[in-house]
Amino acid sequence: MISLNIEKTLGFISKETVFAYDAQVKAAQEALENGTGKGNDFLGWLHLPSSITPEHLADLKATAQVLRDNCEVVIVAGIGGSYLGARAVIEALSNSFTWLQDKKTAPVIIYAGHNIGEDYLYELTEYLKDKKFGVINISKSGTTTETALAFRLLKKQCEDQRGRDMAKKVIVAVTDARKGAARVTADKEGYKSFIIPDNVGGRFSVLTPVGLLPIAVAGFDIEKLVAGAADMEKACAANVPFAENPAAIYAATRNELYKKGKKIEILVNFNPKLHYVSEWWKQLYGESEGKDNKGIFPAAVDFSTDLHSMGQWIQEGERTIFETVISVEKVNHKLEVPSDEANLDGLNFLAGKRVDEVNKMAELGTQLAHVDGGVPNMRIVLPELSEYCIGGLLYFFEKACGISGYLLGVNPFNQPGVEAYKKNMFALLNKPGYEEESKAIQAKL
Ligand SMILES: O=P(O)(O)OC[C@H]1O[C@](O)(CO)[C@@H](O)[C@@H]1O
């Protein structure tokens with residue numbers, strides 16, 4: 001189970017002011033529980049972990065097995081909440097060099113539909129030319145351009161390469177129950193499909209088939225992932241007192257820091273496998289809170305890598321930031337620094353130490369330096385990178401996000417701002433139905 005430590009924020013804000021959020025957090029929790037707050041038609045994620053049935057998991061695992069048995073490569077096509085959760089979990093749990101290994105225990109997972117890079121898509125289709133590949137097409141709306149465009153290419157290539165019957169077997173859709181082009185195609189072509197519930201928004205959907213299916217294909221234990229999330233659901237529940245509730249404390253602390261002028265939260269990791277957890281987190285908090293001209297800007301760094309690029313700014317730049325560090329207590333492998341007789345690099349003082357001990361001292365040294373430099377620091381300790389712990393971490397962030405959005409006074413479950421670029425893009429591309437917008441935008445150019 002994860003733990004949260006806010007001690008190193010307390011030189012900047014007081015424990016009393018954080019704990020004074022108790023009543024507001026309670027109100028936020030009640031609004032979530034009773035569905036009386038803003039965006040209350042999107043609360044399906046709240047009790048999702050505890051309501052996932054063994055039958056549902058078995059169905060997901062059986063479909064994953066079909067893909068595992070018939071594919072060397074599986075393309076996860078999706079964007080935003082329709083791919084980041086899966087990628088976050090898969091990359092956190094995978095060997096860092098998994099795609100380079102000769103003996104593969106699972107299909108290589110590749111992501112597409114999250115950009116409009118012609119070179120990216122060309123190179124992908126080239127790579128797939130001699131591969132037995134399958135596709136998981138993930139889109140809640142079923143109409144997202146980036147994903148639909150990639151899927152159009154991949155569907156055709158899969159059918160041409162593998163034949164329509166096999167394509168039917170290795171293309172799976174995860175989409176809305178009724179609406180959208182992805183649903184129409186899945187039904188018409190007879191693809192196996194999974195439903196994204198109406199009341200679960202994309203960025204809260206990692207524990208639906210959106211995340212669970214690709215994670216199972218990659219060979220990870222979705223039962224343990226869900227169990228970790230379900231335990232965290234209990235630990236962050238409305239009846240858990242403020243002082244013992246990590247989601248409540250995290251939400252309150254970041255809101256209090258924001259009030260004190262700390263406008264940017266930097267999510268920090270000291271483990272490169274967590275890069276995509278940060279990407280997932282950025283969408284979760286960015287889309288949920290960045291509206292009505294408000295909201296903490298969610299940024300992320302990978303340390304110690306980025307200490308050599310962003311470290312200067314964090315240490316001495318504008319004092320509008322705070323850090324939330326995800327610290328992994330126990331690594332999965334053991335590697336000691338070797339002794340070297342010549343000691344030309346001067347590293348013999350590290351000989352015999354675990355690499356992780358060096359990393360942990362980098363982490364502690366960074367925390368002390370940044371706090372001294374005026375950066376409040378929260379710490380989330382994850383016992384290890386396992387399905388159970390990652391499941392808990394994801395749910396913790398979701399629950400805290402719901403509470404935090406209500407503390408901020410916004411609707412954390414919509415994202416109206418994302419439509420602006422889409423409208424302009426469609427107008428510029430002369431999409432049917434956008435004639436007026438096309439005229440208006442041409443006049444602006
Ligand atoms: O699953 P969909 O409908 O393709 O949407 C993908 C992503 O696009 C957004 O709707 C923003 O455009 C996100 O909220 C969402 O996660």
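Does Ser278 count as buried or exposed?

Guide: Ser278 counts as buried, because its relative accessibility is 2%. Here, buried means under 20% relative accessible area, exposed means over 50%, and partly exposed is in between, using a 1.4 Å probe and protein chains only. Before we go on, please note that this is a predicted model, in which local features need pLDDT of at least 70 and side-chain atom pairs count only at pLDDT 80 or more, while totals for chains, interfaces and linings use all residues. Residues are numbered from 1 along each chain as its sequence is written, and side-chain values use heavy atoms, with hydrogens and water left out.

Ser278 lies in helix H13, which runs over residues 275–289. The element names come from DSSP runs numbered from the N terminus: helices are H or I with at least four residues, and strands are E with at least two. Setting aside residues up to four places away in sequence, Ser278 touches Leu267, Asn269 and Ala300; contact means heavy atoms within 4.5 Å.

Stay on H13 and look at Glu287, which is also found there. With a relative accessibility of 21%, Glu287 counts as partly exposed. Beyond its neighbours within four places in sequence, Glu287 is in contact with Arg203, Lys282, Asn414, Gln415 and Val418. An unreviewed UniProt entry annotates Glu287 and Lys422 as "active site". Such positions are given in the numbering used here, with feature names shortened, and annotations may be inferred rather than shown by experiment.

H13 is also part of what covers the buried residues of helix H5, along with strand S3, helix H10, helix H11 and helix H16. Nine of the 10 residues of H5 (residues 84–93) are buried, so H5 is largely enclosed by the rest of the structure. Among them are Leu84, Arg87, Val89 and Leu93.

Now follow the chain out of H13. Asn293 sits in the loop between H13 and strand S8. Its phi is near 60 degrees, a positive value in a residue other than glycine. Asn293 counts as exposed, at 86% relative accessibility. A cis peptide bond joins Phe303 and Ser304, with omega about 5 degrees.

Let's return to the other residue named in that annotation. Lys422 lies in helix H17 and counts as partly exposed, because its relative accessibility is 22%. H17 (residues 419–428) packs with helix H18 (residues 435–444) at an angle of about 90 degrees, and their axes are 8 Å apart. Axes are lines fitted to C-alpha atoms, for helices over the stretch in contact, and angles run from 0 to 180 degrees between N-to-C directions. H17 and H18 are therefore roughly perpendicular to each other; that word covers 65 to 115 degrees, while under 35 is roughly parallel, over 145 roughly antiparallel, and the rest oblique. The H17 side of the contact is made by Lys423, Asn424, Ala427 and Leu428, and the H18 side by Glu437, Ser438, Ile441 and Gln442.

The loop between H17 and H18 holds Asn430. Its phi is near 55 degrees, again a positive value in a residue other than glycine. At 54% relative accessibility, Asn430 counts as exposed.
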